[in-house]
Amino acid sequence: MGPVVVLARREVTARPSGKGGRTGKGDARGNAVRLGLMAVPVAFFALFFAYPVVAIVGRGLKADGHWQFGRIGTVLSRPDILDVLWFTTWQALASTVLTLLIALPGAYVLARFDFPGKQLLRAVVTVPFVLPTVVVGTAFLALLGRGGFLDELWGVRLDTTVWAILLAHVFFNYAVVVRTVGGLWSQLDPRQEEAARVLGAGRLAAWRRVTLPALAPAVAAAALMVFLFTFTSFGVVQILGGPAYSTLEVEIYRQTAQLLDLPTAAVLTLVQFAAVAGILAVHAWTVRRRETALKLVDPAQTSRPPRGAGQRALLGGVLLTVLLLILLPLGVLVERSLDTSGGYGFGFYRALQSADSNGSTFLVPPLDAIGNSLRYALVATLIALVIGGLAAAALTRRRAGRLVRGFDALLMLPLGVSAVTVGFGFLITLDKPPLDLRTSWILVPLAQALVGVPFVVRTMLPVLRAVDDRLREAAAVLGASPLRAWREVDLPLVRRAVLVAAGFAFAVSLGEFGATVFIARPDNPTLPVAVARLLGRSGELNYGQAMALSTILMLVCAVSLLLLERIRTDRSGEF
Amino acid sequence: MLAVESATVRFGRRTALDAVDLEVADHEIVCVLGPSGSGKSTLLRAVAGLQPLDGGRVFLDGVDQASLPVHRRGLGLMFQDHQLFPHRDVGANVAFGLRMHGVPRAERDRRAGELLDMVGLPGAGRRAVAALSGGEQQRVALARALAPRPKLLMLDEPLGQLDRSLRERLVVELRTLFGRLGTTVLAVTHDQGEAFALADRVVVMRDGRIAQQGTPLEVWQQPASAFVARFLGFDNLVDATVTGSAADTVWGKVPVPEDSSQGECELLVRPGGVRIGGPKEGLRCTVGVRTFRGHHVTVALHPGDGPSLQAECGLRDTPEEGDVVGVTFDPAETVVLPPAG
């Protein structure tokens, strides 16, 4: 479901307060509080996630009031479906391997080297990560597609090959690896390696025996997340895949929206769900392994200016990669948006101001989509903050039992379920009293908030868990009631994390495409929906307008991210 | 002031606090001393209300605290690692408790300044907590705990993380300060030196029970059991049978004080009471490792039979390692303890 980022959950294991913990009465009270906090998120998920998904799967697999599980076998033995499954899997694997190969040197450079412009590089690398899939698709279309940059320059076109998809996936997930692996790498104590050297290990042996094992779980977690994102890829493949390449998610969309074949879509939804549940389970396992006590140090102490030709060449290589892989597509996108038939100018942007220059594509000027997107994303962010904040608060309380761990997993599920399914499910379930939201604008923010919640939880949880319980106790002894202690201790300490969570939720909501494409009303399109609609039309004007609108969307996302980078001076969360 | 009646706390199958009775009088400084895992921290947390009791009661000024949540008990607690609020400056940390009690701003500022003067950090109000040294943090934590004028001030390993010389200086400062303010104090530590320097009364805990209580002098002179003796650092312990004013041990006959209880016992000989003489007198021992302690030297002595002995020697009359010497015992430095087990 879009580029949701639930990376490293490197929880600072809360130091035990006293020895043991609460018992008896204290436990009962804690559980009551926890259940109270969990009630709202659980209700939200039941109503706006489980219900629509179950309803639509039911509709696909039920006929005459009977379950037709035989359909699963029938659908899964169709050659075209097997092709989709095969392609989905191998392109995800290829994307993951490619991303690791290209991004690991970047992770090393950002972790261990000190050089001017490092902060800027870190920010630039992260921008793609919050960019809507539609923008990424459009940018690579502008670079590699018909009439694109490379086509004009050398007559090279990659949009009919799988390379366009793979490169776009690398572009997207570069930051996942750099942030997850590099974040840990920069905090590994170099003295560990030095200790190995003193004990007689060569430079390479020391790295292999000391650093690599410490890093391996982070690499595994990053790889799994990249695999997850690319396995469920929708917007990128929708735009760059053409008729030849289709992932599960794209196929679900095609079966649902174009062929109206609900049974097939339902089966594919279940398949995707199962696959993603498997990936998430493995991810959770690696995360738990990663929580084994590593001695972490302040990243400021571990980086040095590059020394010698080798290290400088490595730095240069990484900078070149970032330039070609990240800056070039975005630059070309901007260039194309300005490249009208009458020379460079803002013609395409001006055309966005009126509805009638697009024939029947739009009921309203495409520029209206900016206002819609911002409004929806703002509301979605608020919902995600409330729901995610309550969930995080519930999960923070110590001595989490199995119930709570189950709740934790539940929050991750929107990642696994096809966004297209959720969107379509909204349409068929939330259309009758008492919950008739079909005509309500709130439907879009609700769907977008589902994507934002896992985010908010993952950003806030490590920070909340890192708050030493004894700080709260200190406040209590000094006369603060539990609520007051939360306000005086927890809130100020997580304020930064809340802002970061809000920013990411905002960016993700802004770019959400799979669900929104179903439920956004024709007279109120969001930016990604408008871009996709423009790309679906032929003609230079539509193409140019798509580029222009994508550029605007990119700028909005980039600006919100750069604001975040300023806030994020500490290491709250891990993105 | 404080009365704890058969307080019991269990963590699963383990009993951390086993029917503990304890009283602290007004203006008294009581130090709970024990190894880690003896339940001393749990006792503090139970009094503060941070740890629910599985049995027993806690009274403050005669009022049962069972129904009172932590923040209404009006206590002060200084945490082991201070737990200063990292997002507030020194002044705001000190004023926190006053703010919780609704004290007006001007009064808060005045009192915070006063307390910082008192703990020796005048004008530090605007400093960031992270910029403080360990000793300074400790002082701020103390000022913060004292600011709301708690009925009872509790200290959890108050000097645990500081280096030795600072610890020795601060313990004197604390005692002087508490004496001047008339603060009632319940402190917890595993360091006997700290406890003896600070306390009017020492309570030694073992496995969730009180093993002994008394003034520092009483506990030092007459440990109640072999456990307490060992915990205080005495190693010369041996099974013995007392008859009259002599005890029969593997080290031979050891003289004991006149009015000692008779029969089976555990015998403690303080290192100062182990006299080293020529190889012909008393118990024949080989001299082992010698440890320089500053004012004296501790010498390990290995008799042919039975546990080895620690002896205190003057700097000049220390025997050489490997020498064979004779050992006699000073009855004034031997203590008869109840039999082991």
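Two strands are taken to pair if DSSP finds at least two bridges between them. By that criterion, in this predicted model, strands β16 (residues 283-292) and β17 (residues 297-303) of chain B are joined by 6 bridges and run antiparallel. Within this pairing, B:Cys285 stands opposite B:Pro303 of β17(B).

**Antiparallel sheet of chain B**
- β16 and β17 belong to an open sheet of 5 strands in chain B, ordered β15-β19-β16-β17-β18, with antiparallel pairing.
- The edges are formed by β15 (274-277) and β18 (309-313) of chain B; each has a single partner strand, so one side of each lacks a neighbour in the sheet.
- Direction ignored, neighbouring strands of this sheet are turned by 50° against each other on average.

**Mixed sheet of chain B**
- A further open sheet of chain B has 6 strands in the order β6-β7-β8-β3-β9-β10, and its pairing is mixed.
- From one strand to the next, the twist averages 20°.
- β3 (residues 29-33) and β8 (residues 185-189) of chain B pair in the parallel sense over 5 bridges; B:Val32 has B:Val188 in β8(B) as its bridge partner.
- Helix α4 (residues 134-146) of chain B packs on this sheet, touching β6 and β7 (153-156) of chain B, and its direction makes about 170° with that of β6(B).

**Contact between chains A and B**
- Chain A contributes 23 residues to the contact and chain B contributes 25 residues.
- On the side of chain A that touches chain B, α1 (24-61), α19 (469-477) and α20 (482-511) of chain A each supply at least two residues.
- α19(A) gives the most to that side, with 6 residues.
- The residues of that side comprise 9 nonpolar, 7 polar and 7 charged.

Terms used
Residues numbered from 1 in each chain as written. Chains lettered and ligands numbered in written order. Predicted model: local features only at pLDDT ≥ 70, side-chain atom pairs only at ≥ 80, totals over all residues. Contact = placed C-beta atoms within 7 Å. Helix = DSSP H or I, 4+ residues; strand = E, 2+ residues; numbered from the N terminus. Nonpolar A, V, L, I, M, F, W, Y, C, P; charged D, E, K, R; others polar. Axes fitted to C-alpha atoms, helices over the stretch in contact; angles between N-to-C directions.
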